[in-house]
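Let's read a structure together, one feature at a time.

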Amino acid sequence: TMSVNGYAAMSADLGSLAPHKFDRYAPGDMDISFDIKYCGICHTDVHFIKNDLGFSQYPMVPGHELIGTVTAVGSKVTKFQVGDNIGVGCMVDSCMDCKYCKQNEEQYCNTGSTFTYGGVSKYGRCGPAGKPTAGGYSDKMVVNEHFAVKVPKDISLEKAAPLLCAGITMYDPIVEHGVKAGTKIGIVGLGGLGMMGIKIAKAMGAEVTAISTSPNKEAGAKEMGATNFLLSSDADAMAKAAKSLDIILDTVSADHEVMPYIGLLATKGTHVMIGLTTKPLSVAGSALLFGRQNVTGSLIGGMKRTQEMIDFCCSKNIFPDVKVIGATEIKDALTKLEGK
């Protein structure tokens, strides 16, 4: 095994985060060891630490936007060499055998993909069966080659780290729903996910409408590439924009009403839920019937598309704005995120 220094939540309380020494599993033939240089802090980390989904185990080492440099490769690894840049996102294993794994959508694995942290190893590619997985709030990682992403050499690693969650979370539905030049796309919620979505959709040639409850988000959204800005509390503006959008990506993780947004969809339009809301949605069936609209969800993306996304974003210079903090400041950062 490999001894690692990290930070772990000791209980379902952000205040319980503390330095934590633990062991990574011994790397096998298909595994890559790497030094973690940066790890993004994601809203999901708050949900998992606080056990909002009910399956958290402690101590928990969060973090699923890992980026670093390869230090060792197993004898059967073909895509990576020592010294390469490497990324790991939200999952580290899946059955690799079901219909969805075979379609490169491992996140929808029939028997469940294994999350990078807060998961439990069961398929044998991320440690001994039954062992909880530990994420990127740490200094070293071991990962099976299939679940690693190649990151180009000359990229600023701290900016690329959030692509592994926020980037793929927006890229996947954009590609899946056929967004292209001329598509009219709305993006609800202009936090980290929303701003990434604007940049990616714009780079695909789409006409982007940024939608927010906050008027002070307009300038930033337009700077990122949004053509239009809609204040969702402005009833007149919302009415004028009725039936104007082909697709809406809804990144808001707080519980919220979706009917006002469904009114913005054109016939056969799609509302994609991306934020991890916890309460059931209230949707009027009649609204969907008369316009054949869809309400669907989207979870990260498979490994093939994650690699495509990294290549796309790096080639188009699409990165989030980041603030680099030291490990001792993680607790403050999480507390700030919790308030958003």
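**Reading the strands, rings and spaces**

In β9, V151 is the bridge partner of N85.

Q: Before we follow that bridge, what sort of model is this?
A: This is a predicted model. Let's keep that in mind and start with the strand that holds N85.

Q: Which way do the residues of strand β5 point, and are they buried or exposed?
A: Strand β5 covers residues 85-88. N85 and G87 point one way, while I86 and V88 point the other way. All of them are buried.

Q: How do I read strand β8, and why is it described as largely enclosed?
A: Look at burial residue by residue, where buried means under 20% relative accessible area. Four of the five residues of β8 are buried, so this strand is largely enclosed by the rest of the structure. For its pairing, turn to strand β3 (residues 31-39), which meets β8 in the antiparallel sense over five bridges. S33 stands opposite V142 in β8.

Q: How many aromatic pairs does a search of the whole structure find?
A: Four aromatic pairs turn up in the whole structure. Take F48 and Y117: their pair is edge-to-face, at 5.3 Å centre to centre with 65 degrees between the planes. This pair links distant parts of the chain, 69 residues apart. F48 belongs to helix α1 (residues 43-49), and Y117 to the loop between β7 (114-115) and β8 (140-144). F48 is buried because its relative accessible area is 7%, and Y117 is buried with a value of 1%.

Q: Why is the pair of Y171 and F312 called tilted?
A: Check the angle between the planes: under 30 degrees counts as stacked, over 60 as edge-to-face and the rest as tilted. The planes of Y171 and F312 are at 50 degrees, so the pair is tilted, with the ring centres 5.7 Å apart. Here too, distant parts of the chain are linked: Y171 is in helix α4 (residues 166-176) and F312 in helix α10 (residues 303-316), 141 residues apart. Y171 is buried, with a relative accessible area of 7%, and F312 is buried at 16%.

Q: Which residues do ring pairs link into a cluster?
A: The cluster is made of F48, F55, F115 and Y117. A ring can have a charge over it as well: the charged end of K150 sits over the ring of F80, 5.6 Å from its centre.

Q: What should I look for in the backbone?
A: Most residues other than glycine have a negative phi, and most peptide bonds are trans. Now for the exceptions here. A cis peptide bond joins Y58 and P59, with omega about -5 degrees, and P59 lies in the loop between α1 and β4. I300 has a positive phi, near 35 degrees, and is not a glycine. N317 has a positive phi too, of about 60 degrees.

Q: Where do I300 and N317 lie, and is each one buried or exposed?
A: I300 lies in the loop between β15 (294-297) and α10, and I300 is buried, with a relative accessible area of 9%. N317 lies in the loop between α10 and α11 (330-338), and N317 is exposed, with a relative accessible area of 60%.

Q: Which residues line the largest cavity?
A: The lining includes I300, together with G89, C90, M91, F147, L164, I168, G301, M303 and T306. These divide into seven nonpolar, three polar and no charged residues. The volume of this cavity is about 70 Å³, and a search of the whole structure finds one cavity of 30 Å³ or more.

Q: What does the second largest pocket hold, and which residues are closest to its centre?
A: About 340 Å³ of space lies in that pocket. Of the 25 lining residues, R24, K131, P132, T133 and A134 are the closest to the centre. The elements giving two or more residues to the lining are β2 (17-24) and β8. By type, the lining has 13 nonpolar, eight polar and four charged residues.

Definitions and conventions
Residues numbered from 1 in each chain as written. Predicted model: local features only at pLDDT ≥ 70, side-chain atom pairs only at ≥ 80, totals over all residues. Heavy atoms only, no water. Buried < 20%, exposed > 50% of the residue type's maximum accessible area, 1.4 Å probe, protein only. Pairing = 2+ DSSP bridges. Phe/Tyr/Trp six-rings, centres within 6.5 Å; stacked < 30°, edge-to-face > 60°. Lys NZ or Arg CZ within 6 Å of the ring centre and 35° of its normal. 1 Å grid on protein atoms, 1.4 Å probe; cavity = no way out; pocket = protein on both sides within 12 Å on 5 of 7 lines; lining within 4 Å. Points joined across faces, edges and corners; volume = space filled by probe spheres on them. Nonpolar A, V, L, I, M, F, W, Y, C, P; charged D, E, K, R; others polar.
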